[in-house]
Amino acid sequence: MANRFSTFVSKLARKLGMAVLISALALLTWSLWLYGKDRANYDERRTELAQQISVEEERANGELSELNAQRTAAAEALVVQEQRVVLAERVLKSLHESDPGILSRVFGDASEHATHEARLARVEVIKSDSLKRIVELQSETRAHEVAIAALEQRIGTLKDEASDLKREEHEAMHYLRAAWREGRWVIAGVFLAYLFGGVLVAFVLYYGWAKWVACGKSIQVGAESPALPVIGESSVVVEGSVWPGEHVWVRKRFLQSFDEELTRGRRFIFNWGSPISSLAAGLSRLVELRNASSRGERSVVFACVDDPFAELVIVAVPEGGSFVLRPRFLVACIADANQMARIRRRWRFFNWQSWVSGQFGYFEFSGPCR
């Protein structure tokens, strides 16, 4: 358990270290790109940047002063309008208290009653206008505060940039800082993609792409054969029989042992009809074994020398039947020396399964052979 944990921690540390290295290389590449794009001299560029920062900071300070003045004016106007509302409420209260009443309205002086109503309506309008103006001033004050906060943040950023320019003594540090400011999100994306990209791709392929691929039809290279091949049991070690008159072409690293009565030779290319495919699949410089005697079968034992867990299987293709196989999966071919097995090259460029698997070429073996 401890060994597994230490192995996991070691792999995680190596992966994390590689992610950091790739991110550092990305940052360095970005800074070199900025250096190549900047044609001006570094000192001239630095002076120009300092002047730009100074001008922008001065303009931001001017806007900040103007906004502060506007906020102050809005606050003073807000106080005035609030005072008007308070004064209007007092006047309205006084007018309501001095209301002559219903009897006085009916039997009293009509002109005095009209004057009272006009004053009451005028004060109500003043109060309503003041309340609307208070809402507008409050909205303006909030907008001014937001704009002032943004300007103060911008001024702080400009001061930091100016301070960084003063502290920079080397040209490389300038471009590294610039590359980090411009491309930090891209570099962070590269870092996370290296750490978790493989897991995400595997998750999508396993739970999405693989299920869709499994529902598709298999590739059919020709008409169905009336005689089906016979597939034996798979094992890490399989034994094949070589009858009189038969020969075996086998990759050298898969030849475990063979009877001494078999004649050993060499074959440079497995299929001279497709030499490039044979070379690409590693089917070259094969061992050729022949059973030239007539005293019965001889045995050949196949096993993978490099991988002790690799399993092999013997497929017997009868006469009239055929079997399709990827060239690199072929270990050996047993056939009659006088009746050579017919091997045809099959290409499938217009099947989406071929694009999924990355395999476009196949060997078709027509029996009898094994």
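Strand S3 is largely enclosed by the rest of the structure, because 5 of its 5 residues are buried; buried here means under 20% relative accessible area, exposed means over 50%, and partly exposed lies in between (1.4 Å probe, protein chains only). The model is a predicted one, in which local features need pLDDT of at least 70 and side-chain atom pairs count only at pLDDT 80 or more, while totals for chains, interfaces and linings use all residues. Residues are numbered from 1 along each chain as its sequence is written, and side-chain values use heavy atoms, with hydrogens and water left out.

Strands, like helices, are DSSP runs numbered from the N terminus (strands: E, at least two residues; helices: H or I, at least four). Both faces of S3 are covered.

Two strands are taken to pair if DSSP finds at least two bridges between them.

Strand S3 (residues 246-250) is joined to strand S6 (residues 284-290) by 4 bridges, and the two run antiparallel. Within this pairing, Val248 stands opposite Leu289, and Trp249 has Glu288 as its bridge partner. The pairing of S3 with S10 is also in the antiparallel sense and extends over 5 bridges. Here Glu246 has Asp336 of S10 as its bridge partner.

The loop between strand S2 (237-242) and S3 contains Pro244. With a relative accessibility of 34%, Pro244 counts as partly exposed. Pro244 and Asn291 are separated by 47 residues in sequence, yet their C-alpha atoms are 5.1 Å apart in space.

Salt bridges were then examined, defined as a side-chain nitrogen of Lys or Arg within 4 Å of a carboxyl oxygen of Asp or Glu. By this rule the count comes to 9. One of them is formed by the side chains of Arg253 and Asp306, with an N to O distance of 3.2 Å. This pair links distant parts of the chain, 53 residues apart: Arg253 lies in the loop between S3 and strand S4 (255-258), and Asp306 lies in the loop between strand S7 (298-303) and strand S8 (315-316). Arg253 is partly exposed at 39% relative accessibility, whereas Asp306 is exposed at 56%.

A salt bridge also connects the side chains of Glu261 and Arg298, at 3.7 Å from N to O. Glu261 is in the loop between S4 and S5 and Arg298 is in strand S7, so that distant parts of the chain, 37 residues apart, are linked. Glu261 is partly exposed, with a relative accessible area of 42%, while Arg298 is buried at 13% relative accessibility.

Glu288, the bridge partner of Trp249, forms a salt bridge with Arg290, in which the closest N and O atoms are 3.1 Å apart. Glu288 is buried, with a relative accessible area of 12%, and Arg290 is partly exposed, with a relative accessible area of 36%.

Helix H4 (residues 110-167) includes Ser130. Ser130 is buried, with a relative accessible area of 0%. Leaving aside neighbours within four places in sequence, Ser130 is in contact (heavy atoms within 4.5 Å) with Gln81, Arg84 and Val85.

Finally, a search of the whole structure finds 0 disulfides, a disulfide being a pair of cysteine sulfur atoms within 2.5 Å. Cys333 is in no disulfide, and the nearest cysteine sulfur, that of Cys369, is 4.9 Å away. Cys333 counts as buried at 6% relative accessibility, and Cys304 counts as buried at 11%.
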